[in-house]
Amino acid sequence: MTEQHDVVVVGAGLSGLRMARLLAESGLSVLLADRKTDLGRGVHTTGIFVRRTLASFRLPPECLGPAVRHVTLYSPARRPLKLESPRDEFRIGRMAPLYEYELRRARQAGAEWAPGCRFEGLEFLRTSTLVKLTDPEGAHRLLRTRFVVGADGTFSTAARHLELDRNRDWIVGVEEVFRGIDVQGPPRLHVMLDPQLAPGYIAWAAHDGHELHVGTGGHPSRFDPDRALRGVRELAGELLAGEGLIASRHALTRASSPERRAGAIPVGGILERLASTRGLLVGDAAGAPSPLTAGGLDPCLRLTATAAEVIVDHLTPGGAPTLAEYRGGNFRPRFVSRLAMRKLYDSLDDPRLIEAMCLALRVLPLRLAARHLFFGDGSFPDPSAELPLGIGVTTSRSRGAIMRT
Ligand SMILES: Cc1cc2nc3c(=O)[nH]c(=O)nc-3n(C[C@H](O)[C@H](O)[C@H](O)COP(=O)(O)OP(=O)(O)OC[C@H]3O[C@@H](n4cnc5c(N)ncnc54)[C@H](O)[C@@H]3O)c2cc1C
C-alpha cells in the first residue's frame, strides 16, 4: 500500500531538518528522507555561524564552539590586516551533534525519518504527487504526498523533477578539521587572499581553541581543490607559526588523518522559480548562499522559516495564498550589490591587483568597509521584510515563533 504524507522533505541538511521540524510542529504529517544513513558522516561545511544567525535562532550552546571576535586578513604577499570586534561575531558549529539535535527535534515533533533513502523522482497525479525513493536495501518505496520540499543541496534532483530552477554557478570548497593541535591566542579567523590557492574566493584557517579548520574554495574550472588544499595547509602552517600561534610550521602537514570536508556552494544568487503547487526549494537547492561570502547557514535557516509558513498557508484550508510570492524576484534586489562585488572579485586574478586592494583596505574608509564585511549585519535578507507575507492567518500568527525556535 502507498504511504501518505502531507509533505515529503528531500534532504536532511540544516534546511531539510529545520523544515521537517517546523512543518511537524504545525501539525502536518511529514516524512524526511536522506540518502545518508548517518548525518554525522560526510559533513560538508565548516559550520561558521554569524552573530545575526545566533541572535535570530536558538541553537543549542553545546553544539557551538567558543565565540570568535578576531579576524586576520592576509594579502597575496602575506601582509596581515588585523580586525577585532567588541562583540562575539562567529561560532563554529559542531555540525554532527547539531544535525543529530535537529533530527531529534523533528522526530519529537512527529516527523517520520527515512535514513538511507535516495530520492529518485516524482509522478504527478491529479491532486497529489507520488515520490519515488530507493531504500538502503535497494528496494523501491512509493509515497503519496500533497507537497514536496527540495532541500537536497546544490545539485538538487528534486528541483529537476519539480521543474523548478537549478543552480548554474557554484564554487567548490574543501577543508580539513584538525583536533588536538595547540593553537595559542584567542579564537581567530584567518582569511588568505590568493588567486592561485583560492581563485575567486578565499582560503581560511579558523580556530576556536578546540578545532582548527583549514580550507579553500574556488571556481572548479580554475583550480585543483586537492592541490590547493595542500598548498593552503602549508601556508597556514607558515603563517600561524610565524605569528607564534602554533609550535611548528610543520604541525599541520604532519598531523595524522584530519577530518576532510568538501562540497559545492552555489554563488549565482537565489533562483527565480522556487515554487510550484507541487513543491518548493530551500537552502542550497534554492541558491540561497550569499554570492559574495558563500555563507549558506544563515540563508538556510531564514529561507526555511519563511518557506515553512508558505507551505502551512498553502496546505491549510483558508490559508493565505502566499505560494506565488515565494520566488527569487522577491529576494534578488538584496543580492544585486553582492553579485556585483563577486563579479568584481572574480575578475581579479592578478595578485598585484589584489595586493593593491589589500593596501587600500588599510586606509580608514575602506578599513571600515572591511570591518563591515566581516562584522556587519548583512546576510540573507530578512524574508519578513522582503515578502508580502503578513496577510496570512498562519504567517502573522507564527512568524516570530518560527524564527526563534
Ligand atoms: C567546505 C564548505 C564550507 C562551508 N562553510 C560554511 C560556513 O562556515 N558558514 C556558512 O554559513 N556556510 C558554509 N558553507 C555553506 C553551507 O554549508 C551550506 O550552504 C549549507 O550547509 C547548505 O545546507 P542545505 O541543508 O541547504 O544543503 P546540504 O547540507 O547540502 O544538505 C542536502 C542533503 O540532501 C541530501 N541529498 C542530496 N541528494 C539526495 C537525494 N537524491 N536523495 C536523498 N537525499 C539527498 C544530502 O545527503 C544532504 O544531506 C560551506 C560549504 C562548504 C562546501
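1. Strand β5 (residues 70–74) runs parallel to β13 (residues 188–192), and 5 bridges join the two. Within this pair, L73 has V191 of β13 as its bridge partner. Two strands are taken to pair if DSSP finds at least two bridges between them. Strands (E, at least two residues) and helices (H or I, at least four residues) are DSSP runs, numbered from the N terminus.

2. This is a predicted model, in which local features need pLDDT of at least 70 and side-chain atom pairs count only at pLDDT 80 or more, while totals for chains, interfaces and linings use all residues. Residues are numbered from 1 along each chain as its sequence is written.

3. β5 also pairs with β6 (residues 80–84), here antiparallel, again through 5 bridges.

4. β5, β6 and β13 belong to an open sheet of 7 strands with mixed pairing, ordered β6-β5-β13-β14-β15-β12-β16. β6 and β16 are the edge strands, each pairing on one side only. On average, neighbouring strands of this sheet are turned by 15° against each other, direction ignored. In general, strands of a sheet pair through backbone hydrogen bonds, either parallel or antiparallel.

5. Further along the sheet, 8 bridges join β12 to β15 (residues 211–218), and these two strands run antiparallel. V172 stands opposite G218 in β15.

6. Which helix lies across β5, β12, β13, β14, β15 and β16? It is α5 (residues 225–242), running at about 135° to β15. Axes are lines fitted to C-alpha atoms, for helices over the stretch in contact, and angles run from 0 to 180 degrees between N-to-C directions.

7. An open sheet of 3 strands has antiparallel pairing and the order β3-β7-β4. Its edge strands, each pairing on one side only, are β3 (48–50) and β4 (64–68). The twist averages 30° from one strand to the next. β3 is joined to β7 (residues 90–93) by 3 bridges, and F49 stands opposite R91 in β7.

8. Helix α1 packs against α3 (residues 95–108) at an angle of about 20°, with the axes 8 Å apart. α1 and α3 are therefore roughly parallel to each other (angles under 35 degrees count as roughly parallel, over 145 as roughly antiparallel, 65 to 115 as roughly perpendicular and the rest as oblique). By class, their contact has 7 nonpolar, no polar and 4 charged residues. On the α1 side the residues include L14, L17 and R18, and on the α3 side Y99, E102 and L103 are among them. Residues are in contact if their C-beta atoms, placed from the backbone, lie within 7 Å.

9. α1 also crosses α7, at roughly 30°, and the axes come within 9 Å. α1 and α7 are therefore roughly parallel to each other. This contact has 11 nonpolar, 2 polar and 1 charged residues. Among those taking part are L14, S15 and M19 in α1, which meet a group in α7 that includes L297, C300 and I311.

10. The handedness should be noted for both pairs. α1 passes α3 in a left-handed crossing but α7 in a right-handed one. A crossing is left-handed if the near helix is turned anticlockwise from the far one by less than a right angle, and right-handed if clockwise.

11. Ala, Val, Leu, Ile, Met, Phe, Trp, Tyr, Cys and Pro count as nonpolar, Asp, Glu, Lys and Arg as charged, and the others, Gly among them, as polar.

Terms used. Two residues are in contact if their C-beta atoms, placed from the backbone, lie within 7 Å.
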